[in-house]
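Please keep the sequence and the model in view while reading.

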Amino acid sequence: FGLAPIWSPWGTLYLAPAAAQSWEAMRAESLRLYGQDLYPDGTLSAYRSYDDQAYLYDLFLAGAGAPANPPGTSSHETGLAVDVAEPEMRWVIDQIGAAYCWGKAHAPAEWWHVDYLC
């Protein structure tokens with residue numbers, strides 16, 4: 001499937017096209033309303049390949065990484081999820097995200113994980 005770019009401090013990352021367009025619009029609105037940028041927490045915090053997900057899952061199982069779903073089951077692998085870098089970013093998404101189809105649907109124990117819901 002095709003992916004579209006989003007900005008991050010670590011270089012260009014990717015999401016599914018509709019999710020990327022919505023993310024960038026929400027990011028602009030966040031900057032306008034709150035002066036808060038929105039971006040993923042690292043190079044594996046937006047779209048992930050199956051192999052990327054397997055790597056993170058193995059780290060989690062070894063006790064050396066954040067919670068991660070088994071490969072093949074993560075919304076990151078579809079390009080429909082972002083792990084944000086700071087709690088303030090999540091707060092902004094809780095305020096304005098619904099207007100852009102972004103919110104919390106998966107990983108209830110992970111404050112940093114948000115999903116594209118449209």
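Leaving aside neighbours within four places in sequence, which residues is Leu 31 in contact with? Counting a contact as heavy atoms within 4.5 Å, Leu 31 is in contact with Gln 36 and Asp 37. The model is a predicted one, in which local features need pLDDT of at least 70 and side-chain atom pairs count only at pLDDT 80 or more, while totals for chains, interfaces and linings use all residues. Residues are numbered from 1 along each chain as its sequence is written, and side-chain values use heavy atoms, with hydrogens and water left out.

Leu 31 lies in helix H1, and Gln 95 is found in helix H3. In the table, partly exposed stands between buried, which is under 20% relative accessible area, and exposed, which is over 50% (1.4 Å probe, protein chains only).

| Residue | Relative accessible area | Class |
|---|---|---|
| Leu 31 | 39% | partly exposed |
| Gln 95 | 42% | partly exposed |

For Gln 95 and Asp 115, which are 20 residues apart in sequence, the C-alpha to C-alpha distance is 14 Å.

**Fold and overall dimensions**

The chain has 3 helices and 5 strands, where helices (H or I, at least four residues) and strands (E, at least two) are DSSP runs numbered from the N terminus. Along the sequence these elements follow the pattern β-β-α-α-β-α-β-β. The radius of gyration is 13 Å, close to the 13 Å that the globule rule gives for 118 residues, so the chain is as compact as a globular protein of that length; this radius is taken over C-alpha atoms, and the rule is 2.2 Å times the number of residues to the power 0.38. Among contacts between residues at least 6 apart in sequence, 57% join residues at least 24 apart.

**The nonpolar core**

Buried residues make up 43% of the 118 residues. A nonpolar core is a set of buried Ala, Val, Leu, Ile, Met, Phe, Trp, Tyr and Cys residues joined through side-chain atoms within 4.5 Å. The largest such core has 23 residues, and those with the most contacts inside it are Leu 15, Trp 23, Met 26, Ile 93 and Trp 102. At least two residues of this core come from each of strand E1 (4-6), strand E2 (13-15), helix H1 (17-34), helix H3 (87-96) and strand E5 (113-116). Not counting residues up to four places away in sequence, Leu 15 touches several residues, including Trp 23, Tyr 47, Val 82 and Trp 102.
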